[in-house]
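Please examine the assembly shown below before reading on. The paragraphs that follow lead through it step by step.

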Amino acid sequence: MNESLERLSGLLRKEGLQILRDPSALAIAFLLPAMLLIIFGYGVTLDPHRVALAVVSEQPDALTQSFVAQLRGTPYFSTESFTTIQPAERAFDADRVSAIVWFRSNFTRQGFTNGAAPIGIIVNGVDANTARLIEGYLQQTWANWLAMRSREHGLPAGLPIDPEPRVRFNPAVRSRDYLVPGLIAIVMTLTGALLTALVIAREWERGTLEALMATRATIREILLAKLVPYFLLGMGGMVATLVLAVWLFGVPFHGSLLVLTGVSALFLLAALGMGLLISSVARNQFVAGQIAIIVTFLPAFILSGFVFDIGSMPWPIRLLTHIVAARYFVATLQSLFLAGDIWSVILPNALALAVMAVIFLGAARLRARKRLD
Amino acid sequence: MASAPEPLPALSLENVCHRFGSPARADTALANVTAIAPAGAVSGLIGPDGAGKTTLLRLVAGLLRLQSGRIEVLGEDVARNPDAARARLGYMPQRFGLYEDLTVRENLELYAKVQNVAPQAWMARGSELMHMTGLAPFLGRLAGRLSGGMKQKLGLACTLVRIPQLLLLDEPTVGVDPVSRRELWSIIDHLVRTERLTVLVSTSYLDEAERCQRVLLLHEGRLVSATEPAEFAAQTRGRSFQVSAADIGKRQLQAELAQRPGVLDATIQGSSVRIVTAAGAPPPSASARASGRALSIVAVPPRFEDSFVALLKSGATAAAPEVPTSGERAPLAPEHGAAPAPAPLPAAAAEAEPVILATQLTRRFGDFIAVDAISFAVQRGEIFGLLGANGAGKSTTFRMLCGLLPASSGTLRVAGYDLRRAAASARARIGYMAQKFSLYADLSVRENLRFFASAYRLRDPQRRARIAWALEEFALGAHADAVSRELPLGFKQRLALACALLHQPEILFLDEPTSGVDPLARRDFWRRINALAEAGVTVLVTTHFMEEAEYCDRLAVLAQGKVLATGDPDSLKARVRSAEHPQPTMEDAFIALLEAAEQPQAA
Amino acid sequence: MWRAVLALIVKELLAVLKDPRSRMVLIVPPLIQLIVFGYAATFDLNRVPIAVYNRDHSQASRELVARFLGTRIFTQAAVIHNAGQINPLIDARKVDLVLSIDPRFTRDLLTHRPAPVQLIVDGRDSNTALIILGYANSIITEFSLRWLQRHGAPPAPALLDIRARYNPTLNSQWFIVPGIIAVLTQVVTLLVVGLSVAREREAGTFDQLLVTPFTQGEILLGKGLPGLLIGGIEASVIILAAVFWFGVPLRGSLLALYLGLFLFVAAVIGIGLMISSLAVTQQQALLGAFLFMVPSIVLSGFATPIANMPPLIQELTWVNPMRHILIIVRGVFLEGSGVRAFVPEYLALAATAALSLLAAGWLFRKRVY
């Protein structure tokens, strides 16, 4: 036992020195995560704001003015006024505005006589998600406008139903608050799976593993010496992301650090298991890198619920997401940050992660032999 | 058991077979190898690349699954009890897996810990190893920055942090300069003497066989012979002669002798030719003549290589490479290509001006001076060698001459051009064969030839004619559509040379042209190069093989970026001739030069 | 010269197609990405699980619930009987939306007071939350208008008449799939070109190439043109898949599309050659390509609109070729635009291509030795 610890300490020291001296390890473990964090923290958001609208009032009057004022009063829109539809259409085609609000010349007359005068809305549907969000904002603005008019004129409510939306956990509905926590899963996938697969493949390529295998070090010690440093590196990445998310980007963190640490550890073990497994299949860095990107990085991005809603995917792909470890982790992360320690989310997901960690690490251990063939 | 008396072998192999790949398309790496390695002695595992040496060593170390047969290490069955066997052996793989981003000390300490050397014991052991390998001054240096020889010594030191009972060394002397090579061997000898260690060492250098107590000779997966080296060499006793003749060029003499019936082997040795006659053939008579000149024939003691070549050529092994082994025709006479050779240099210019000229050529990489003000000149039709170990600066010099690397200072001329600045068409006059025979591995033989024909701007019908010539001349026709990655090394070498000769260059650059190939392929290669030189092609070759240097007309011996000496092989050897060394080898000459160069620095 | 370049191109194509690793790069990742992106990368919602907490039990409230469940978007996952059940259901992510109808619902409706309906939505995925709220609001509005009509109340003075142009059903596959053309063309071209020089450097054939009479221009062309060919074929295959498999309408001019793709691939080749000339090993080249690819896709407008980014980053995306080709591809596919619509994009792409190719040539010369 003592001898085993001695061997392990030698291997661990070596691994640590190598991480510090290897530029590609530094690039994957630090540069790429930092880049992603900054891009997602500052650059990427799904929430439209100040959407450019073309407002066409063929006969501007008080009624159209009040609607335009309502539009301008929200943070969602900025408006450009037109009196005919053609120049607005041109602005629309040139992508200068994302939607047209069109009051025809008989709008006010019809509104006061029969009511139900149509406000023509043309939305650019190319980006379907943004179009849908713009539609939602417009409907909300319109409903508010109706309610305000009714109040002002002492009329009965504009619409008979008054929906009261209540957004639980993310009242400001900021997409950054749900994207940034998910990044922890991406960062940990990079160090746990991609980097681990690459460094072991490098040992195969350079023949260093062959030399180690002929020594007293057991295969368990060799594997353990790979797991521990990259485990620490991955946990470090998690902590750094957490700190930056909370302090720099103001993402709330409602959960407990203990739970976050525990679940992260489980996910990281699963990711490390995948990295080990990949490197036992592919013994050169090029192939190992390719496989790691396709089976770990890409799914963590697309199939984990990090950006895209899993429930809305077609069933074969939904089925596929069940073998993506990141899926369980992202779900837990979003809850931990925005909602808190919700055990009904944490427990099943943590269990799934534990099962995956056991399967991947076990498979990696079974495949690893002190042999070259 | 380790201290068992002499007769018990430290290693015994019984009917060991190994195949790679799927059962359907399997490559046999080892076929029915049965042998022993006696305890307390150095056994050499000798054979060219691809003979199965590494596979055998990996099987012994338990790193490959034994497919059939039985291997016992010090009485332990490797297949049944791999850990027990492994605990008693030390294994140094080829290209020993040093962590290049760790320092010498860090590498050593890693292996000390992994091998459970107690810290107190390590103090003594470590300094002993440092002393033995001479690595003490470099403890803080990254392993990646060491020279080839020092890397191997560090690898050996890492393997020896705990003294094993059986030491397996896979090609420890590849790419190592002769001085380091001698040092490595003396370390091994020392260990065997003091620690009663058993050593199994593989090598592709036949001259190293003579340093072993026992030799296992592998060729294409078969054990060709397992004897004492002297006994093996004795097979050609009385059949080895050194022949020289006044007034005949050594190459012409060699070509003539090689064709004579009864001559198995003829190789150039300085200005004379060494021949081996077939068993039962009459010894050459003193009255033999060549081209009407009298020959002087001296019987010489047989070498290991003589017997090996004799064995291969007399068909004792199943599959000798299918190359035309007798030089029955001048292979590269221009008419073969049915294409005009590039216009030869004007005769006057050729006489007066060297084809390759380097003056005070220098190359620095940062602070490091890789090539330090070297000068030499090569005449038309000359074979000029740059001899030196890895890291001596020969590859850097070579790359500068080819225009692949700019010189930091100094001037160089190749056929009157600086290839770095000359128009691309000037490069059509040179042929280039890279180290490791770099070809497009995924392309077939024919596709490679087609590509290089186009690269050298050959047009049909000349292009087609030259490709047909290459396929025939280099006996590649049967493999024309084989992917070149899958060719045996000897074929790759021939294909690389064929590609370099398609456009009939007047200057040929060869970088380590025969490393790793078997002795027959090497002879075949030099036969062609000799014929080219006779036809007026200028050849510049780099090599770390001392033997190969014998083929050169003149040599520049390089070490640490400097030219130690320039001259023909005989004159270089003559410098170190002494009473105790009446017949110095090229290696003796090289080592003497290195030592002489280090004296003033040490003083 | 062209004969020599042709020989280089043939060699390059053979090397790429015969090497199983390069073949894998060309075929496997694009296929997987096409399927995964094409089907999984969608913002469209369906089968959103909701819970209903109806305390009104009237004809009107049941009708409202039926309207929710009648869409293909919402499915009922739970029925709630007391308020304490609401939060646990949301918290456990069992439902994304709780529709809570107040007991006064019908009474308020009939007395022309605003009838309260609570929509409690899970904000952990904020985009989904917003879209759910949008759907819920429009269902309620529709219900309200019908109620007014049926009960003869005065109609609202104005109604919204919303039409989405170019993509009337707001199918986000129409948005994502044309984007995949750009993404995959970039990935494949970058890998093929980026790895080619490193591969030759590793094999030692690059030196061999440099001592032949090829000029540097020829070698650069010989490395770049195969990328153009492979990128073009890859793009065409995905265009076919987009039209015939995913059924995305191709409304504009193919000329405009291919002109854009040509300039885009040229720019990517320039970047690939830059990476290639800096990298010594294939692994470094792979890492370099990866480091370029991730931000270039994230900041291209592929999934998240550029208009939503901070102004400074919006300016930065001008140097990203992906940004421009996405505008062109989507413009041609969905908006039916022609060459004239994309003059700024063509100019930006051409400038990027020229700059990156020049830089690659310069680096190439520096690193060759």
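A residue is counted as buried if 20 or more other C-beta atoms lie within 10 Å of its own, and as exposed if 12 or fewer do. The model discussed here is predicted, and this criterion is applied to its coordinates.

After helix 13 of chain C comes Gly336(C), which has a positive phi, near 70°.

Gly70(C) belongs to helix 3 (residues 59-70) of chain C. It counts as exposed because it has 10 C-beta neighbours inside 10 Å. Between Gly70(C) and Leu99(C) there are 29 residues of separation in sequence, and their C-alpha atoms are 14 Å apart in space.

Which strands form it, and in what order? Five strands make up an open sheet of mixed pairing, ordered 2(A)-1(A)-3(A)-4(A)-5(C). From one strand to the next, the twist averages 25°.

Within this sheet, strand 3 (residues 99-103) of chain A and strand 4 (residues 117-124) of chain A are paired in the antiparallel sense over four bridges. In this region Trp102(A) stands opposite Gly120(A), the latter in strand 4 of chain A. Helix 3 (residues 62-73) of chain A packs on the sheet and touches strand 1 (51-57), strand 2 and strand 3 of chain A. The direction of helix 3 of chain A makes about 150° with that of strand 2 of chain A.

Chain A is also in contact with chain B. To this contact chain A contributes 26 residues and chain B contributes 23 residues. On the side of chain A that touches chain B, helix 1 (2-21) and helix 8 (208-213) of chain A each supply at least two residues. Helix 1 of chain A gives the most to that side, with ten residues. By residue class, the side of chain A that touches chain B divides into nine nonpolar, six polar and eleven charged residues.

Chain B itself contains 18 helices and 24 strands. Of the 603 residues in chain B, 52% are buried. Among contacts in chain B between residues at least 6 apart in sequence, 72% join residues at least 24 apart.

Confidence remains to be considered. For chain A the mean pLDDT is 87, with 99% of its residues reaching 70 or more. For chain B the mean pLDDT is 82, and 90% of its residues reach 70 or more. Residues 1-6 of chain B have pLDDT below 50, and this stretch has five contacts in the model beyond near neighbours in sequence. Over residues 316-350 of chain B pLDDT likewise stays under 50, and the model has 55 contacts for them beyond four places in sequence.

Terms used:
Residues numbered from 1 in each chain as written. Chains lettered and ligands numbered in written order. Predicted model: local features only at pLDDT ≥ 70, side-chain atom pairs only at ≥ 80, totals over all residues. Contact = placed C-beta atoms within 7 Å. Nonpolar A, V, L, I, M, F, W, Y, C, P; charged D, E, K, R; others polar. Pairing = 2+ DSSP bridges. Axes fitted to C-alpha atoms, helices over the stretch in contact; angles between N-to-C directions. pLDDT = per-residue confidence, 0-100.
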